[in-house]
Amino acid sequence: MVSVKDFKDGLVTKDNLFAIVKDVSERESRNGSIYVVLTISDGKNDIQAKMWNKTGDELSKYVGKLACLHVEGGMYNGQLSFVAQTIRETTPNDGVRFEDFVPSAPIPSEDMYNYITNLFNAMKNESLKRIGLKLYEDNKEQLFIWPAASKMHHNIRGGLLYHTYRMVKSAEITVKAYKNTDPELVVAGAALHDIGKLWELKPTDGGYGEYTQDGILFGHIYLGTAAVEKCGNELGADKNTVKHLMHIIASHHGKLEYGAIAVPKTQEAYIVSELDMLDSQLYMYEKDEMEMKPGEFNYDRVKF
Ligand SMILES: [Fe+2]
Ligand SMILES: [Fe+2]
């Protein structure tokens, strides 16, 4: 089966393909006839295909869906352009899965989830162990698919867990270098710092996040801090541990102007806030570099 990428690379000029319809927008040509531009995606690559004799209203039902299209490509004004001749919704008989067309974390969610919960399980601090396991187990299904953002970093299916997993891995190494910190609090803080995103965002069919009402009203920093407090109370956890963990979450954006409720006041909180910055920034570098060819550069990035 050919893919969006095959068309984008010019390897195929005429065939049926499956793709997610990301966007539909109606346009008017110079002679006044109406056409529609469809943005279709295989999860990594997008192309735009024109569809004649259709209106935006007729095609809007496909947005966010996996569709089967007949696409033809050709050179037009020196540029590769595409026309969709037909479009239909997919059926179970097509044997394609929606998940395979949504940008997803590169590591299976189950592996990342197990890695983090195993760390919680091995913790000596009973309060951290129980809070971590309860918040993870109660929200397991969501954690498997949740994105970390609507636009910026890790705005993919499983992105929240992927961002968290990479931070936890960094945290494990960092605490080996800074011996005067509480390693379990740093690891637990990294594992739970963005847990509030489970209530701040909800995933769209396309895999990225959309703000909830609570997300707009309170943001994930407050929501995560409050969730840890509630969980700690329910479990009768050690008050100081809960307070410190709450502070790590409350301060993980580092600066008040970045949305932090407080500036980090402990080494553990400071480490988590820096690791958060490190991972979110590196994600942007990685993403840009993936889209660049060796030797390519722009003002912000150089790909060797
Ligand atoms: Fe955050
Ligand atoms: Fe984060």
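Predicted model: local features only at pLDDT ≥ 70, side-chain atom pairs only at ≥ 80, totals over all residues.

User: What does the C-alpha trace span along its principal axes?
Analyst: The C-alpha trace of the protein chain spans about 70 × 45 × 35 Å.

User: And what percentage of the residues is buried?
Analyst: Of the 304 residues in the protein chain, 39% are buried. As for contacts with a separation of 6 or more, 56% of them are between residues 24 or more positions apart.

User: Which domains is the chain divided into?
Analyst: There are two entries: domain 1 covers residues 4–99, and domain 2 covers residues 102–291. Seven residues from domain 1 and five residues from domain 2 take part in the contact between them.

User: Which kinds of residue does domain 1 bring to that contact?
Analyst: On the side of domain 1 that touches domain 2 there are two nonpolar, two polar and three charged residues.

User: How far apart are the centres of the two domains?
Analyst: The C-alpha centres of domain 1 and domain 2 are 37 Å apart.

User: Turning to the helices, is α7 mostly covered or mostly uncovered?
Analyst: Helix α7, residues 183–192, is mostly covered, with nine of its ten residues buried. Among the buried ones are Glu184, Leu185, Val186 and Gly189.

User: What do those buried residues pack against?
Analyst: The buried residues of α7 pack against α3 (109–121), α4 (126–138), α6 (159–177), α9 (213–235), α10 (239–250) and α11 (267–291).

User: Let us follow up on α11. How many residues does α11 have, and how far does α11 reach?
Analyst: Helix α11 has 25 residues and reaches 37 Å from its first C-alpha to its last, which is close to the 36 Å expected at 1.5 Å a residue.

User: Which residues of α11 are buried, and what covers them?
Analyst: The buried residues of α11 include Glu268, Ile271, Asp276, Asp279 and Tyr283. Their cover includes α6, α7 and α10.

User: Now the strands. Which strands form the closed barrel?
Analyst: The closed barrel has five strands, in the order β1-β2-β3-β5-β4, and the pairing is mixed. From one strand to the next, the twist averages 50 degrees.

User: Do β2 and β3 run parallel or antiparallel, and how many bridges join them?
Analyst: Strand β2 (residues 34–41) and strand β3 (residues 46–52) run antiparallel and are joined by seven bridges. Thr39 stands opposite Gln48 in β3.

Key
Residues numbered from 1 in each chain as written. Chains lettered and ligands numbered in written order. Domains from an automatic or database assignment. Contact = placed C-beta atoms within 7 Å. Nonpolar A, V, L, I, M, F, W, Y, C, P; charged D, E, K, R; others polar. Buried ≥ 20, exposed ≤ 12 C-beta atoms within 10 Å, placed from the backbone. Helix = DSSP H or I, 4+ residues; strand = E, 2+ residues; numbered from the N terminus. Expected span 1.5 Å × (residues − 1). Pairing = 2+ DSSP bridges. Axes fitted to C-alpha atoms, helices over the stretch in contact; angles between N-to-C directions.
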